[in-house]
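Subject: Handing over a structure

Dear colleague,

I am passing this structure on to you, and below it you will find my notes on what was found. Please read them with the model open beside you.

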Amino acid sequence: MGLLDGIRSILGTRAESDARRDADPEDLFGMSTAYLTMEADLGYESADVGALCFSGVDSTSFRDAVDEVEAILEAGREDTGTEFSVSADDHGYHWVVLEDSDPEDLITSLHFAADTFIEHGYGSRLLAAVFAYRNEAGPAYWIYSFRRGRYYPFAPRPGRERDSSAEFKLEATLDGELEIEREKEYWYPLWPSEGGTHPWE
């Protein structure tokens, strides 16, 4: 199984068939308290960036949905100061990447973007929301799988290694505060493209 097939399996078709409940963008607001716990209990600071991963459709109506997402984020930029960009990665997936030093604004903007896709009937194209953190040991991410309706931690290290102990500590600390994926086979690593740092690069 190749990388692209793996992502499709874990975050896409297999996750959809194995889903326990419908994913809800309201779940993203769970990060509103989690980021405080991340800093106070674990020493992780928000990296002031998050992203929405989705698979595209070659249709005018889907392009209209993406255009509306961009229009909403552009309209909110003046009020929130949230910067954004839309890009595609080497695996063929699309990303809405947002940057804001206020985690609350970042979470709200991600929610607006996800909700807009759902309102246009493209909720099934949403794959994941990614929230970035960092401490002296390195980066860590909370990944929300829309198909599973669950969060899981991802702590990448150089050489495409994962810090499993950091991931388990994140799981233990945030258990009960976030809806955490219990089945570890769905803790899929979102590695960046060659030369990238974050999963969306």
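**Around Arg 134**

Arg 134 stands opposite Pro 139 in β5, a pairing in which strand β4 (residues 126–135) and strand β5 (residues 138–145) run in the antiparallel sense over eight bridges. Here helices (H or I, at least four residues) and strands (E, at least two) are DSSP runs numbered from the N terminus, and two strands count as paired if DSSP finds at least two bridges between them. Please bear in mind that this is a predicted model, in which local features need pLDDT of at least 70 and side-chain atom pairs count only at pLDDT 80 or more, while totals for chains, interfaces and linings use all residues. Residues are numbered from 1 along each chain as its sequence is written, and side-chain values use heavy atoms, with hydrogens and water left out.

Arg 134 in β4 also has Glu 45 standing opposite, and this belongs to the antiparallel pairing of β1 with β4, which seven bridges join. Strand β1 (residues 45–54) is joined by six bridges to strand β3 (residues 94–99), again antiparallel, with Leu 52 opposite Val 96 in β3. Eight of the 10 residues of β1 are buried, where buried means under 20% relative accessible area, exposed over 50%, and partly exposed in between (1.4 Å probe, protein chains only).

**The sheet and the core**

Six strands form an open sheet with antiparallel pairing, in the order β2-β3-β1-β4-β5-β6. β2 (83–88) and β6 (150–154) stand at its edges with a single partner strand each, so one side of each is left without a neighbour in the sheet. The twist from one strand to the next averages 20°; for angles such as those below, axes are lines fitted to C-alpha atoms, for helices over the stretch in contact, and values run from 0 to 180 degrees between N-to-C directions.

The largest nonpolar core has 59 residues, and those with the most contacts inside it are Leu 52, Phe 117 and Trp 142. β4 gives the most to this core, with eight residues. Such a core is a set of buried Ala, Val, Leu, Ile, Met, Phe, Trp, Tyr and Cys residues joined through side-chain atoms within 4.5 Å, and a contact, likewise, means heavy atoms within 4.5 Å.

**Helix α2 and its surroundings**

α2 lies across β4, β5 and β6, running at about 25° to β4. The axes of α2 and helix α5 (residues 164–174) come within 11 Å and cross at roughly 115°. In α2, Ala 34, Thr 37, Met 38, Asp 41 and Leu 42 meet Lys 169, Leu 170, Thr 173 and Leu 174 in α5.

Glu 39 is found in α2 (residues 31–42) and is partly exposed, with a relative accessible area of 47%.

**Arg 157**

Is Arg 157 buried or exposed? At 16% relative accessibility, Arg 157 counts as buried; this residue lies in strand β7 (residues 156–157). Leaving aside residues up to four places away in sequence, Arg 157 touches Tyr 44, Ala 137, Gly 138, Pro 139, Asp 163 and Ala 166.

**The whole protein**

The secondary structure comes to five helices and eight strands, and buried residues make up 50% of the 201 residues.

With best wishes
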